[in-house]
Amino acid sequence: MAPPNVFILTGAGISAESGLSTFRDKDGLWSRYKIEDVASIEGYGRDPQRVLDFYNLRGGAHGDVQPNAGHIALARLEQHWKMRGAVVTVCTQNIDNLHERAGSRRVIHMHGELAKVRCHNCGNVTPRDGDLSINLACAACGQIGGMRPHVVWFGETPLGMDAVYEALAASKLFVSIGTSGSVYPAGGFVRAAREADVATMEINLEPSENADAFDARRYGKASEVLPVWVDEMIGSVGR
Ligand code: BJW
């Protein structure tokens, strides 16, 4: 039997066991910072250095972490499926690079990447090289003060959306992993999948805000549930 194309959406929960904070859990980032101060275009306009400090701090934390068994299982699924002619797309809301470091190759970063910086004036994107400050100049346009993390804040357009909806429509299964489903457009993917007759499954520590919208659900730690689920998927079509 040919394996199905799979579209996977991941959120902060998959990286939690690697040591990166989620946003909305009890001790998550939003219990320590105000969203509107550090993750909105208005907050950046009011106090850009405060926003840069928030991302500089997170950049330091990202340097020390490793992919966990959940990331590794998804990369294994992509590699197995590829040999059988099927496509596994990982669309992540996370700005870390743990999927790539685990071996996933088809990764869409819809909320950007912390390893890159962008000039807010001309849009030029370059690799991040150390901490950001409001005194940095853009190598492309020369403007000082507009170098920001290459991430998507509230009120900004998520990245790669054409590729996202194309991959979702070409899939037979949509799996949402480690996300509260409270941020759009990602929170609406489950409904888009259902409308396109794509089967849906949620894998999360606990039921998300959208839990009722899924056809199937598995609850537990991503590092424990994903290796088992991937084994089942691979076993279901034969090795
Ligand atoms: C585990 C686990 C373990 C823990 N194992 N699981 C009114 C209605 C509807 C929409 C809107 C509205 N008003 C405004 C909007 C739109 C707005 C929005 O959604 N607002 C909501 C607050 C309502 N969205 C936007 O503005 C977006 N842009 C947009 O819509 O543009 C228009 C457009 C759309 C489409 C095409 C073209 C144009 C932009 C959203 C930007 C989000 N940015 C952030 C910060 C930047 C990146 C960063 O700093 O890292 O992205 S906010 C933050 O939330 C971050 C995350 O990617 C995102 C999602 O969070 P996530 O990943 O779900 O984390 P948590 O903490 O919420 O959940 C973790 C889950 O893991 C929990 O469920 C745990 O149980 C679980 N878990 N440990 C498994 N071990």
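**Reading a predicted model, feature by feature**

Mentor: Proline 185 is found in the loop between β7 and α8 (189-195). Helices (H or I, at least four residues) and strands (E, at least two) are DSSP runs, numbered from the N terminus.

Trainee: What is the peptide bond from tyrosine 184 to proline 185?

Mentor: That bond is cis, with omega near 10°. The model is predicted, so local features need pLDDT of at least 70 and side-chain atom pairs count only at pLDDT 80 or more, while totals for chains, interfaces and linings use all residues. Residues are numbered from 1 along each chain as its sequence is written, and side-chain values use heavy atoms, with hydrogens and water left out.

Trainee: Is serine 176 buried or exposed?

Mentor: Buried means under 20% relative accessible area, exposed over 50%, and partly exposed in between (1.4 Å probe, protein chains only). Serine 176 has 4% relative accessibility, so it counts as buried. Its place is in strand β7, residues 173-177.

Trainee: Which residues is serine 176 in contact with, leaving aside its neighbours within four places in sequence?

Mentor: Contact means heavy atoms within 4.5 Å. With those neighbours left aside, the contacts of serine 176 are Leu9, Met201, Glu202, Ile203 and Phe214.

Trainee: Where is cysteine 119, and what is its relative accessible area?

Mentor: Cysteine 119 has its place in strand β4, and a relative accessible area of 2% makes it buried. Beyond its neighbours within four places in sequence, cysteine 119 touches Asn124, Cys138, Cys141, Gly146 and Met147.

Trainee: Is aspartate 197 buried or exposed?

Mentor: Aspartate 197 counts as exposed because its relative accessibility is 73%. This residue lies in the loop between α8 and β8 (199-204). Although aspartate 197 is not a glycine, its phi is positive, at about 60°.

Trainee: What should helix α4 span, by its number of residues?

Mentor: The expected span of a helix is 1.5 Å times one less than its number of residues. Helix α4 (residues 48-63) has 16 residues, so it should span 22 Å; its end C-alpha atoms are 23 Å apart, which agrees.

Trainee: Which residues of α4 are buried?

Mentor: An α-helix has 3.6 residues a turn, so residues three or four places apart point the same way. In α4 the buried residues are Val51, Leu52, Phe54, Tyr55, Asn56, Arg58, Gly59 and His62. They pack against α2 (35-38), α3 (41-46), α6 (98-102), β4 (112-119) and β6 (147-151).

Trainee: Which residues come nearest to the ligand?

Mentor: A residue is near a molecule if one of its heavy atoms lies within 4 Å of it. There are 35 residues around the ligand, and Tyr55, Arg58, Thr179, Ser180 and Tyr184 come nearest.

Trainee: How far does a polar side-chain atom of threonine 179 lie from an oxygen atom of the ligand?

Mentor: The distance is 2.6 Å for threonine 179. For a backbone N or O atom of alanine 12, the distance to an oxygen atom of the ligand is 2.8 Å. A backbone N or O atom of glycine 155 lies 2.9 Å from a ligand oxygen atom.

Trainee: Which element gives the most to the shell around the ligand?

Mentor: That is α1, with three residues.

Conventions
A polar contact is a pair of N or O atoms within 3.5 Å; within protein, one must be able to donate a hydrogen and the other to accept it, and residues adjacent in sequence count only if both atoms are side-chain atoms.
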